Amino acid sequence: MGQLRQINQAIRSTIALWLLTAFLYPLLMLLSGQIGFSFQANGSLLTNSQGTVVGSALIGQPFTSDRYFWSRPSSIDYSTTPNVATTGTSGASNLAPSNPDLLKRIQGEVARLNQANIQPTADLVYTSASGLDPHITLAAAQAQAQRISNARHLDPNQITTLISKHTDGRFLGIFGEPGVNLLRLNMALDNLAT
């Protein structure tokens, strides 16, 4: 009878732990995420004035129009290719500094920026490690301010104010560098009366 009792106790312990770790804990995390951090738990999705989701504040998007701030280049094209196998991927190109393809891409970016009268900054020329970075530096945003002002016929001070308003500070005040969330900034541009 002692062995049967131990087996019964082991089965009850397994079921109790299974209920705790497979149901109760995940349910608690789901509820706390949805109640306390609903925006973040649901992908930090941003909507336009019509209520349509336009993107996530956490994932970069390509912007190429003169009416918008341009994003940094992406080695994966921000996963916009229709091929299902590449959608949602992240990663760098892994091209060595001596690779002629990398040099050609960088020279092309610099030429495009120079043609638009934008002072090339590192983040407007080089891709990020993930290929999905939603931020540009404050310097990259300020370098584009005059182009945006001309394209939208806005006062440059309005553009500068928007840049300042959408600049995220350092994490915990000490980690990383300030950055401008591009999707939020471009959405704010669209919300300005033009």
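Is Phe63 buried or exposed? Phe63 is buried, at a relative accessible area of 14%; buried means under 20%, exposed over 50%, and partly exposed in between, with a 1.4 Å probe and protein chains only.

Before I go on: this is a predicted model, where local features need pLDDT of at least 70, side-chain atom pairs count only at pLDDT 80 or more, and totals for chains, interfaces and linings use all residues. Residues are numbered from 1 along each chain as its sequence is written, and side-chain values use heavy atoms, leaving out hydrogens and water.

Back to Phe63. Its ring forms a tilted aromatic pair with Tyr68, 5.8 Å centre to centre and 40 degrees between the planes. For a pair, ring centres of Phe, Tyr or Trp (its six-membered ring) lie within 6.5 Å; planes under 30 degrees apart are stacked, over 60 edge-to-face, the rest tilted. Tyr68 is partly exposed, at 22%.

Now the core. The largest nonpolar core has 27 residues, and Phe69, Ile159, Ile163 and Leu189 have the most contacts inside it. Such a core joins buried Ala, Val, Leu, Ile, Met, Phe, Trp, Tyr and Cys residues through side-chain atoms within 4.5 Å. Beyond four places in sequence, Ile159 is in contact (heavy atoms within 4.5 Å) with residues including Phe69, Ala145 and Leu189.
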